[in-house]
Amino acid sequence: MDMNQYLSMFIDESNDHLQSLNENMLELENRPDDLGIVQVIFRSAHTLKGMAATMGFEDLSSLTHQMENVLDLVRNDKLKMQDFIFDTLFQSLDALQSMVQDITQGGEGKEDVSSIVASLQSIVRGDIAPSGQQSGAKAADKASSASGAAIRLDEFQYSVLEQSITEGHKVMYIEVAVREDCQLKAARAYLVFDLLERYGEIVKSHPSVQEIEQEQFDRSFSLYYITQKEAAELQGMIMNLSEIDSAQVALLDHETLSQLDSGIKEASVAVEAAEPTANNAEKPAAGSKAAKPEEGKTSARPSAVSAAPSRTIRVDIDRLDVLMNLFSELLIDRSRLEQLAYEVKRSDLTETVEHMSRVSSDLQNIVLKLRMVQIDSVFNRFPRMIRDLAKSLDKKIDLIIVGAETELDRTVIDEIGDPLVHLLRNAVDHGVEPLEERIAAGKPETGTVELRAFHSGNHVFIEIEDDGHGIDRDKVLAKALKNGVVTESEASTLTDEQVFMLLFAPGFSTAEVISDISGRGVGLDVVKTKIESLSGVVSVDSKLGKGTKFSVQLPLTLSIISAMLIKVGSEKYAIPLSSIVETGLIRREQIRKVHGYTMIPYRDSHIPLMSLAELFDVRDFDEKSEEETEIVVVRKGDRLAALTVEDFIGQNEIVIKNLGKYLPPVQGVAGATILGDGQVALIIDPNAFIK
Amino acid sequence: MGEEIKVIVFKLGQEEYGIEVDKVQTIERMMPITRVPKTFSFVKGVINLRGVVIPVIDLRGRFGLPEAEHSDQTRIIIVAANEMEVGFIVDSANDVIDLNSDSIDSPPDVVGGVKAKYLQGVARLSDERLLVMLNLSEVLNRSEIIQLESLEG
């Protein structure tokens with residue numbers, strides 16, 4: 001069978017599962033006694049194993065199998081989680097991750113995991129008695145299966161079933177037998193499970209899913225099932241599957257349930273330590289939902305999860321890009337239509353065009369929303385990273401994540417990961433001080449790093465704040481002087497904020513000891529460049545002894561912006577509205593020359609005035625001949641400047657296009673857009689003019 | 001044995017040049033070009049080609065030939081190579097011919113003022129008709145532009 005078509009799905013889902021494994025392991029590390037989490041982890045691992053085996057990635061499935069063995073002991077209370085077990089499990093996760101990575105890049109997913117497997121096995125073996133017991137239990141369990149249908153429910157499953165009945169779900173006891181001449185019993189059984197999982201939740205099956213997968217059952221298997229369907233309907237559907245001999249579906253109420261259960265209990269007192277919960281609700285959706293701790297709790301109650309089937313679909317990114325491009329074309333036509341309608345001046349045409357404009361604005365919102373991704377997809381790998389970092393640096397650090405549900409454009413999401421990793425590493429390595437230093441300073445042993453994301457206006461802010469020793473202004477200045485980043489005379493006039501910004505200068509690093517975590521001196525300037533390439537701004541605020549806060553400001557979207565169209569001579573330009581403070585008129589005599597700069601009075605101060613015609617060598621316009629000149633006041637951070645233009649055309653939604661790969665970057669030009677009349681207008685990047 | 005290739009023929013002055021057909025996307029009549037400030041003189045600006053912004057260069061200027069007035073014969077040839085799309089302004093473009101790759105000889109040092117490194121070879125079509133094949137990746141070479149930039153800057 002050709003597996004290629006399933007490969008991308010496999011990779012996506014494996015990554016989801018690995019992510020949730022990572023998160024839940026971290027959660028478990030905090031609360032080692034919470035067996036609920038172990039269940040979730042076990043289920044993720046089990047699904048992963050199943051998928052890998054189906055796809056033929058042997059190494060992947062065998063390693064997950066070993067992990068499962070360990071987890072199995074843990075969840076049955078036969079093994080206490082300990083530090084070294086965590087470490088081994090984390091190592092296994094890393095190995096799994098790199099295998100999946102390899103598969104993503106077209107490899108076979110092969111890797112030498114013998115040492116990890118060996119240590120996992122030794123953990124299992126370290127508890128010889130329980131594992132022996134378990135195999136004994138298995139045998140006993142098998143024996144009991146011969147005696148007929150015997151599903152022993154544990155307390156938890158029993159309560160789930162009871163509750164489901166109370167809540168009005170239908171709880172059924174189903175017995176299915178495959179035909180005697182059936183060749184692939186496991187496959188038939190799988191079809192039954194698959195069918196049932198589509199309409200409800202299987203709480204418990206006998207034999208267990210694992211055993212059924214390995215064809216370790218005779219002809220029949222039985223299960224407890226929660227659904228909304230009618231019993232007869234289900235029976236019909238099961239019988240419709242080929243090679244099924246019989247299917248008996250019995251609807252249970254409180255009474256029959258308790259009867260059935262107690263009857264079985266009596267029958268199987270001997271099998272006290274029987275097979276653990278084989279909750280095979282391992283639908284990928286449930287797995288990824290379990291990614292969040294709070295939802296992890298709800299998934300401990302399968303009935304609640306099954307009630308809400310997943311309402312999302314995966315879409316290829318390329319398709320979204322195509323949609324976006326097509327929509328951009330539509331926007332261009334819309335501008336063109338608006339212009340034509342304005343020229344033709346027919347009221348019914350104008351009305352239609354106006355309506356179309358409104359509809360397309362709504363459409364625009366939706367298309368833009370489609371591209372929005374929760375920043376969680378970037379943040380979710382950080383807890384693990386911080387844990388490892390803190391461990392290797394011998395620090396104790398709590399990472400607090402706030403606002404992981406904040407949404408950002410996909411293009412930004414793809415790019416923002418690396419800079420954030422850098423800033424976080426920075427906070428852990430340079431920010432939070434070593435244990436002794438913290439104790440000496442009277443701070444709690446455990447440092448905190450807070451990662452916050454939130455919306456504000458048309459921007460998304462991401463802040464990284466630590467409670468470390470802060471930035472030492474004098475140290476930074478001394479270093480900057482030594483590295484020649486600033487001169488003595490400049491240094492004396494710098495404000496604190498300006499000094500901190502020196503950290504972002506190329507080739508600057510204050511760490512006295514270069515570690516492999518940060519401090520190669522190539523860090524923060526790369527961060528700054530990257531963020532600026534995303535039209536973002538990064539700033540830093542710090543109090544000595546209290547901590548440091550890096551804040552990154554990013555635009556919500558990068559592809560469609562509001563802009564002011566202006567005219568200079570015969571040329572049209574667009575200025576992003578986000579950087580415009582206001583527009584106005586100045587008279588010639590207001591313009592002053594100060595130190596060779598042209599300045600104009602603005603509010604209570606003077607701001608530099610620049611001529612767009614001069615900056616861009618526009619030949620057919622010269623504002624010097626004008627009595628009064630139109631100006632656009634633009635802003636970069638706190639600094640303002642005015643640009644002279646010939647005329648304002650109006651405000652428009654424009655689609656940002658790049659100038660093509662051939663052209664080298666042009667200073668002051670951020671890109672191009674296509675106007676309603678089909679002409680190209682350049683988009684001005686005012687930041688380039690404000691120094 | 002050489003293979004048969006299809007070649008778009010265009011003119012700069014009296015000289016005839018060829019570009020392989022699969023490198024050419026379309027040939028357009030002159031259209032409004034938006035000037036891009038602060039770039040090389042041979043970059044005429046950008047055009048809107050059905051929703052895509054494409055830079056346009058004057059091939060005469062690129063080769064250091066004197067620029068000519070645009071006429072109704074002037075065409076923009078949109079080529080795609082090195083993962084870039086660029087428009088070439090040429091004096092005219094009105095022929096597609098079949099050529100055997102064997103008939104392409106290595107170019108002389110300079111043909112009509114164009115340096116040999118921009119050329120792939122010269123094909124003899126008939127006794128008095130020579131066709132100069134362009135080496136597109138060299139014409140579009142950006143590292144050379146960056147050098148030019150530092151010279152001009």
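Two residues are taken to be in contact if their C-beta atoms, placed from the backbone, lie within 7 Å. By this criterion, residues 24 or more positions apart account for 50% of the contacts in chain B with a separation of 6 or more; for chain A the corresponding share is 69%. The structure is a predicted model, in which local features need pLDDT of at least 70 and side-chain atom pairs count only at pLDDT 80 or more, whereas totals for chains, interfaces and linings use all residues. Residues are numbered from 1 along each chain as its sequence is written, with chains lettered from A and ligands numbered from 1 in the order in which they are written.

Helices (H or I, at least four residues) and strands (E, at least two) are DSSP runs, numbered from the N terminus. On this basis chain A contains 25 helices and 22 strands, while chain B contains 3 helices and 13 strands. A residue is classed as buried if 20 or more other C-beta atoms, placed from the backbone, lie within 10 Å of its own, as exposed if 12 or fewer do, and as partly exposed in between. Buried residues make up 35% of the 691 residues of chain A, and 35% of the 153 residues of chain B are buried.

Two helices of chain A were examined. Helix 19 of chain A comprises the 22 residues 410-431, and at 1.5 Å a residue it should span 32 Å; the end C-alpha atoms are 30 Å apart, which agrees. The expected span is 1.5 Å times one less than the number of residues. Helix 19 of chain A bends by about 40° at A:Ile416, with a proline, A:Pro419, following within four residues; the bend is the angle between axes fitted to the seven residues ending at a position and the seven starting there. Helix 2 of chain A (residues 35-55) holds A:Ala45, which counts as buried because it has 29 C-beta neighbours inside 10 Å. Leaving aside residues up to four places away in sequence, A:Ala45 touches A:Leu21, A:Thr64, A:Met67, A:Glu68 and A:Leu71. The C-alpha atoms of A:Ala45 and A:His17, 28 residues apart along the chain, are separated by 7.5 Å.

Strand 22 of chain A (residues 680-684) is largely enclosed by the rest of the structure, since 5 of its 5 residues are buried. Both of its faces are covered, with A:Val680, A:Leu682 and A:Ile684 on one side and A:Ala681 and A:Ile683 on the other. Strands are treated as paired if DSSP finds at least two bridges between them. Strand 13 of chain A (residues 571-576) runs parallel to strand 22 of chain A and is joined to it by 2 bridges, A:Tyr573 standing opposite A:Leu682. Strand 21 of chain A (residues 669-674) pairs with strand 22 of chain A in the antiparallel sense over 5 bridges, and A:Gly671 has A:Ile683 as its bridge partner. The hairpin of strands 21 and 22 of chain A has 5 residues between the strands, and within it A:Gly678 takes a positive phi near 85°.

In chain B, strand 6 (residues 75-81) is mostly covered, 5 of its 7 residues being buried. Strand 6 of chain B pairs with strand 3 of chain B (residues 24-29) in the antiparallel sense over 5 bridges, and B:Arg75 is the bridge partner of B:Arg29. Strand 6 of chain B is also joined to strand 7 of chain B, antiparallel, by 7 bridges; here B:Val79 is partnered by B:Val86. An open sheet of 6 strands in chain B has the order 8-1-2-13-12-9, with mixed pairing. Its edge strands are strand 8 (92-100) and strand 9 (104-105) of chain B, each of which pairs on one side only.

The contact between the chains takes 23 residues from chain B and 22 residues from chain A. On the side of chain B, the elements that give two or more residues are strand 4 (43-49), strand 5 (52-58), strand 7 (84-90) and helix 3 (142-152). Strand 4 of chain B gives the most, with 4 residues.

A nonpolar core is a set of buried Ala, Val, Leu, Ile, Met, Phe, Trp, Tyr and Cys residues joined through C-beta atoms within 7 Å. Of the 81 residues in the largest such core, A:Val632, A:Ala642 and B:Ile77 touch the most other members. Apart from it lies another core, of 40 residues, among them A:Leu389 and A:Phe550.
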